[in-house]
Amino acid sequence: MVGKFSGTYAQSGVASGSQLFNMITMVITGLTMGIIVFLGECIGSKNRGRYSCWKWCCYIFNFSYCYNFLVVPFSDKLYTFMHAPIESFEQTKQYVQICGMGMIFIMLYNIIGSVFRGIGDSKTPLMIVTIACIINILGDFILVAGFRMGAIGAAIATVFAQAISVIFSIYFIIKKKFPFDFSKKNICFDSECVKMILLIGMPIALQELLVQFSFLFIQVVVNRMGVIESAAVGVAEKVCVFLMLVASAYMQSISVFVAQNNGAGEFERSRKALIYRIKTALIIGFIMGIISFFGGNILSSIFSGEYQVTIHAHDYLKAYSIDCLLTAVLFCFVGYFNGCGKTIFVIIQGIIGAFFVRIPVVFIMSQINGATLFHIGLGTPISSLVQIILCVIAYFIYKKRYESIEYGIYN
């Protein structure tokens, strides 16, 4: 809507602001992964006593609300740090401020959604997201296309949709029959529960923070190249979100599956699941890569009516098409290790990929005379390849080690 009705400057503002909030959202998602894995293992082991305190454990993540007090007052500093093009400064600032005020809704939805996924229910979150998406699209039509409010309208529509998603989440969580007790007496403090959730969730959250920071760095580098390039990367990233949806779904589903099976002592079944998922994910990743490489300009035109923006976005997507295949494998490994509780390794490989590969490659590519977004985009598949190599090595090391241990992974 912004690309079609509000021009390149507003689109650049949304692109820069979205990159910042993608980073924040992924951190929250990483934290809630601790709940998903914790509940999955408890259900697999049929340990009702441990997950009866899940509700209190969810509330420990309310500290995420502190983002509101960092993002809103310091929005000027944030968009200056991102080197947002001068033409889109005001649009970026307004988008960041409004979305920052709605961060509490993102946090609450992800917490509640993690509980559903932890018990193996992915349908309810799907229903909630579908409702939110419809409301978000209607809001964009009214505020962006109708009232031509640009980045402000997009931000308001997004926050409103997120608020509605929280309301529906609470409704469904009241109506849902859980495999554990849901009452006031279950709102309790259990240090072991909290410790396990944090041990799993915090490393994942930190890893997501660092990985998303590397992508934020890409946006900063591209912002220096000009407003067209800035808007183009924003468009390309929107397309990338769709292209990686299947891989992301695989990562979350395998985390739950592995956690539940490990909790039941079915460690070999977890390993087989990893292999099967990689095989099927590769097929889908190949298809997504072909679409990205040959049809990136068509996909980009959905988000922007500016010819130059779509051309530059397609350049970026050509590089990303390689990553579609690699991400299919990488995300399966990451989901497997998350489900096994090996989050320390997950953060280590994430740091190596982000800070020792992706950022240096992007910086080097940006120094090339006549560098295009294709060169900038190569940093992502190169880092994914390195991370896959690390995951394969870790997999065989852990497999060999655990085969000699009687009770499997967690012993």
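A cavity here is a set of grid points where a 1.4 Å probe fits but cannot get out, and its lining residues have an atom within 4 Å of a point. The views below come from a predicted model.

**View 1. The largest cavity and its lining.** The structure holds 2 cavities of 30 Å³ or more. The largest cavity has a volume of about 90 Å³. Its lining includes L243, M244, V246 and A247. A281, I284, G285 and M288 also line the largest cavity. Y320, C324, T327 and A328 are lining residues too. Three elements, α13 (245-263), α14 (267-303) and α15 (307-339), each give two or more residues to this lining. By class, the lining has 10 nonpolar and 2 polar residues.

**View 2. Helix α14 against helix α15.** These two helices pack at an angle of about 175 degrees. Their axes lie 8 Å apart. Angles over 145 degrees count as roughly antiparallel, so α14 is roughly antiparallel to α15. The residues of the α14 contact with α15 divide into 18 nonpolar, 11 polar and 3 charged. Both α14 and α15 also give two or more residues to the lining of the largest cavity.

View 3. The structure holds 1 salt bridge. R271 forms a salt bridge with E268. The closest N and O atoms of R271 and E268 are 2.9 Å apart. Both residues lie in helix α14. R271 and E268 are 3 residues apart, about one turn of the helix.

**View 4. Helix α9 against helix α10.** Helix α9 spans residues 123-146, and helix α10 spans residues 150-175. They pack at an angle of about 150 degrees, with their axes 8 Å apart. The angle therefore makes α9 roughly antiparallel to α10. The crossing of α9 and α10 is right-handed. Residues of this contact divide into 15 nonpolar, 8 polar and 1 charged.

**View 5. Helix α7 against helix α10.** Helix α7 covers residues 89-101. Helices α7 and α10 pack at an angle of about 15 degrees. Their axes are 8 Å apart. Angles under 35 degrees count as roughly parallel, so α7 and α10 are roughly parallel to each other. The crossing of α7 and α10 is right-handed. Helix α10 also packs with α9, at an angle of about 150 degrees.

Note on methods: Residues numbered from 1 in each chain as written. Predicted model: local features only at pLDDT ≥ 70, side-chain atom pairs only at ≥ 80, totals over all residues. Heavy atoms only, no water. 1 Å grid on protein atoms, 1.4 Å probe; cavity = no way out; pocket = protein on both sides within 12 Å on 5 of 7 lines; lining within 4 Å. Points joined across faces, edges and corners; volume = space filled by probe spheres on them. Helix = DSSP H or I, 4+ residues; strand = E, 2+ residues; numbered from the N terminus. Nonpolar A, V, L, I, M, F, W, Y, C, P; charged D, E, K, R; others polar. Axes fitted to C-alpha atoms, helices over the stretch in contact; angles between N-to-C directions. Parallel < 35°, antiparallel > 145°, perpendicular 65-115°, else oblique. Left-handed = near helix turned anticlockwise from the far one by under 90°. Salt bridge = Lys/Arg side-chain N within 4 Å of Asp/Glu carboxyl O.
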